[in-house]
Amino acid sequence: MKKQYLGSLVLFSGLLIGLNIPNQVDAEGESGSNSSSYPLLYEGIGGSGLDTFGEWFLTANDGYYMPFSNAMFIVDQGKSLQVDYKGDNTGPMSYAIYDEHFSVPAIYTGDYTNNTVIDLSTYSDGIYYVEVSIEKFIGAPVRPNTTLVQVNKESIDINLTINGIHGKYNPTSVDHSSAKEGAVIGWVIKGENGFILEGTGNVTPEQMQTLGDGKYTIETTVTGKTMHGNPLTNKTNDNFEIRHPESTTLVDRPINPESLTGTKKIENSELTWTIYDKK
């Protein structure tokens, strides 16, 4: 569901001044109000003042929308958004995307119009700042009215390792790990006929020994929290097989046998035999 928030920021010579980035914001799901209004500011020759001509609107298409804070919008886990200016006395618009240090030059700059989607889906994990500006004229040209969106992109990794001297045949255990602090790892092992076993952390040798012959899939899920306290999750899976070779020996009769027959359970296994005397 799309949510909109209103707000603005004062821009000083293209650089962000005095921004205090919060390390963590308490949040559950979509936080903040559907339509919270914040006063718009502009920087003119005489200093900052109220902009009475319009308002900024943020539409975040995904992720978690945090309360307006530190004179900027905050979007957690957002991949695409749009920032619209609605009001009078509008001029050309532009936007720029900066890294977490607000380094110059910007990662990307370009022209902008209302209802244009800003796509950050291809960007790697990190904090980004999306700056949208509009030229306004009040008698004489003034600096752009500018608003800012902080976007946190964060993922959680999961590693799954099947252990055993024969690889994925008759493994002895399964190890899981994640570099994310506080990550919780859970797994489910399913056989050809459905659910078999579940647990958390690593799969121990004792747990593996409870599985009979057959083909299995292990599905692993890791969960954690973003820097803003919102949920993170990732999934992975792998396959393994348990098969133990077994054979039987059949003697046609105990005295003066004419034949000895061996059977094997695994079709593509090798069956060999040796006859010993009584010693």
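## Aromatic pairs

W56 and Y85 are both buried, where buried means under 20% relative accessible area, exposed over 50% and partly exposed in between (1.4 Å probe, protein chains only). This is a predicted model, in which local features need pLDDT of at least 70 and side-chain atom pairs count only at pLDDT 80 or more, while totals for chains, interfaces and linings use all residues. Residues are numbered from 1 along each chain as its sequence is written, and side-chain values use heavy atoms, with hydrogens and water left out.

Seven aromatic pairs are found in the structure; rings of Phe, Tyr and Trp (its six-membered ring) pair if their centres lie within 6.5 Å, and planes under 30 degrees apart count as stacked, over 60 as edge-to-face and the rest as tilted. W56 and Y85 make an edge-to-face pair, at 5.1 Å centre to centre with 75° between the planes. Distant parts of the chain are linked by this pair, since W56 is in strand β4 and Y85 in strand β7, 29 residues apart. Strands (E, at least two residues) and helices (H or I, at least four) are DSSP runs, numbered from the N terminus. Y98 and F102 form a stacked pair, with 4.2 Å between centres and 15° between planes. Y98 and F102 are both buried. Y95, Y108 and Y112 are linked into a cluster by ring pairs.

## Confidence

The average pLDDT of the protein is 80, and 78% of the residues score at least 70; pLDDT is the predictor's confidence in each residue, from 0 to 100. Over residues 1-49 the pLDDT stays under 50, and the model has 132 contacts beyond four places in sequence for this stretch. A contact means heavy atoms within 4.5 Å.

## Nonpolar cores

A nonpolar core is a set of buried Ala, Val, Leu, Ile, Met, Phe, Trp, Tyr and Cys residues joined through side-chain atoms within 4.5 Å. The largest core has 22 residues, of which V83, I118, V130, V132 and V149 touch the most other members. At least two residues of this core come from each of β4 (54-60), β5 (64-69), β6 (72-76), β7 (80-87), β8 (93-98), β11 (126-134) and β14. Strand β11 supplies the largest share, four residues. A second core of twelve residues is separate, and its members include L160, I189, I218 and F240.

Apart from neighbours within four places in sequence, V149 is in contact with L58, F73, V75, L81, V83, Y128, Y129 and V130. Strand β14, residues 145-153, also contains T146. T146 is buried, with a relative accessible area of 0%. Its side chain makes a polar contact of 3.0 Å with the side chain of S133. A polar contact is a pair of N or O atoms within 3.5 Å; within protein, one must be able to donate a hydrogen and the other to accept it, and residues adjacent in sequence count only if both atoms are side-chain atoms.

## Salt bridges

Four salt bridges are found in a search of the whole structure, each being a side-chain nitrogen of Lys or Arg within 4 Å of a carboxyl oxygen of Asp or Glu. E154 and K180 form one of them, with the closest N and O atoms 2.3 Å apart. The two residues are 26 apart and link distant parts of the chain: E154 is in the loop between β14 and β15 (159-163), K180 in the loop between β16 (173-177) and β17 (184-191). E154 is buried at 16% relative accessible area, whereas K180 is partly exposed at 22%.

K168 and D238 meet through their side chains in another salt bridge, at 2.7 Å from N to O. K168 lies in the loop between β15 and β16 and D238 in strand β20 (residues 231-242), so the pair ties together parts 70 residues apart in sequence. K168 is partly exposed, at 41% relative accessibility. In the salt bridge between K190 and E219, the closest N and O atoms are 3.5 Å apart. Because K190 lies in strand β17 and E219 in strand β19 (residues 214-225), this pair ties together parts 29 residues apart in sequence. K190 is partly exposed at 34% relative accessibility, and E219 is partly exposed at 34%.

## Backbone exceptions

Most residues other than glycine have a negative phi, and most peptide bonds are trans. V104 and P105 are joined by a cis peptide bond, with omega about 5°. P105 is in the loop between β8 and β9 (108-112).

N115, although not a glycine, has a positive phi of about 75°. The loop between β9 and β10 (118-119) holds N115, which is exposed with a relative accessible area of 57%. N170 is also not a glycine, and its phi is positive, near 50°. N170 is in the loop between β15 and β16 and is partly exposed, with a relative accessible area of 22%.
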